[in-house]
Amino acid sequence: MSEAFIVSARKYRPQRFDEVVGQEATTQTLKNAIRNKQLAHSFLFTGSRGIGKTTIARIFAKTINCKELQADGEACNQCDACLSFNRNASFNIIELDAASKNSVDDIRDLIEQVQYAPQNAEYKVFIIDEVHMLSPSAFNAFLKTLEEPPSYAKFILATTEKHKILPTILSRCQIYDFKRISIEDIQKHLKKIADKESIEADDNSLNLIAQKADGGLRDALSMFDRLVSMNGQKLEYTTVVKSLNILDHVVYFQFIEQIVNEKSDGVLLQLNEVLSNGFDLEVFLSGLAEHIRHLWVAKKETTLSLLEFNAEVKSQFVAQSKELDEAYMLNLLQIISECEVQMKTTRNRRLAVELALLKMCYTKKLMQTSWTELGEKKKI
Ligand SMILES: [Zn+2]
């Protein structure tokens with residue numbers, strides 16, 4: 001494996017708005033604003049981690065200073081301003097990571113930089129990452145600058161926790177809510193990188209990485225890197241499942257199959273196998289709940305689109321969902337959530353999970369009995 005490959009997040013960092021994965025609405029609005037020269041003074045980028053906030057902030061800073069702005073609102077990536085941005089050598093972009101630097105002194109250093117006009121460019125861009133971590137006094141010191149900035153200064157504040165931002169700051173910013181990136185988009189992006197790096201990786205493996213990343217592209221890329229450095233140029237599904245410590249769908253399909261067929265011995269044996277493979281009880285339970293949620297969604301044509309899997313796995317969910325009606329699924333979920341509560345207090349957590357599985361095996365019978373009882377009562 002080539003050493004240069006190690007950090008694909010950095011190597012494949014987008015240079016143009018168009019290359020950003022999964023944030024089309026935001027990039028389109030920003031491009032329009034740049035083309036029409038209708039730029040706000042301050043922006044707030046919000047959304048979970050690793051979904052492109054700083055990346056887009058940097059592209060924005062470069063693009064508004066590009067000397068050969070393209071008709072579509074993209075930077076040329078060729079003029080001296082663009083090139084110095086791409087080399088991280090521009091003096092017209094200043095970044096502060098408030099997660100590590102959040103004191104009044106840190107923000108004063110930044111405010112001082114605001115006084116100096118940009119060098120050989122129209123704008124100077126200040127990016128404050130994790131802005132919610134600024135101390136209250138740092139926030140206050142910053143507020144004045146934000147209220148009356150010089151015309152060349154642009155502020156981009158990024159945060160994962162919008163609710164922690166003071167209303168006085170919010171009201172001064174144009175707000176962009178970044179979307180969680182879809183599993184399909186992440187998977188496609190990984191595929192592109194795999195092809196470029198001549199790495200063999202099947203769709204199921206990439207889908208699994210994308211799922212585990214839960215909407216964060218950066219996490220997906222670092223997982224991908226780790227897997228490649230562990231397993232070489234070929235990623236195989238079974239090794240990916242193992243390395244990522246994921247309980248595969250296959251396992252849950254089997255569990256549900258046994259529950260539906262009331263095979264109480266089977267579920268206990270299978271649980272034992274799961275635990276001896278090193279998975280813990282919480283991971284197992286929450287995975288089982290998620291599996292039932294997927295079945296629920298797969299049951300109706302209208303909600304099927306919420307299921308983010310490839311066609312093959314989707315059809316497996318659709319097939320299994322036919323074996324369970326909604327009341328039954330609700331009962332199973334109820335048992336899981338009761339068990340999760342119980343696990344916080346009980347000493348024998350394994351027994352709690354085993355009991356829950358046994359209850360699930362007898363749920364059908366219990367439901368039938370209660371319906372019969374209800375019928376009897378009605379008769380009376
Ligand atoms: Zn340029």
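Reply: Contact here means heavy atoms within 4.5 Å. The model is predicted, with pLDDT of at least 70 needed for local features and 80 or more for side-chain atom pairs, while totals for chains, interfaces and linings use all residues. Residues are numbered from 1 along each chain as its sequence is written, and side-chain values use heavy atoms, with hydrogens and water left out.

Take Ser42, in strand E1 (residues 42–46); strands (E, at least two residues) and helices (H or I, at least four) are DSSP runs numbered from the N terminus. Ser42 is buried at 2% relative accessibility, where buried means under 20% relative accessible area, exposed over 50% and partly exposed in between (1.4 Å probe, protein chains only). Apart from neighbours within four places in sequence, Ser42 contacts Leu146, Phe155, Arg172, Cys173 and Gln174. Asp219 lies 177 residues from Ser42 along the chain, and their C-alpha atoms are 28 Å apart.

Between helix H2 (24–35) and E1 runs a loop that holds Lys37. Most residues other than glycine have a negative phi. Lys37 is not a glycine, yet its phi is positive, about 55°. Its relative accessible area of 65% makes Lys37 exposed. Ser198 is another non-glycine residue with a positive phi, in this case about 50°. Ser198 sits in the loop between helix H8 (183–196) and strand E6 (200–201), and is exposed at 58% relative accessibility.

The metal site comes next. What are the protein donors of the zinc ion? They are the SG atoms of Cys66, Cys76, Cys79 and Cys82, lying 2.3 Å from the ion. Donors are N, O and S atoms within 2.8 Å of the metal (3.2 Å for Na, K and Ca); water is not among the atoms, so sites may look incomplete. The angles among the four donor atoms of the zinc ion run from 101 to 121°, and the site is tetrahedral; four donors count as such if all angles lie between 85 and 135 degrees. Along the chain, the zinc donors follow the spacing C-x9-C-x2-C-x2-C. Cys66 and Cys79, 13 residues apart, both sit in the loop between helix H3 (53–65) and helix H4 (80–86), and this pair links distant parts of the chain. Cys66 is buried, with a relative accessible area of 11%, and Cys79 is buried too, at 10%.

Technical notes:
Tetrahedral: all angles 85-135°; square planar, octahedral: opposite > 155°, others 65-115°.
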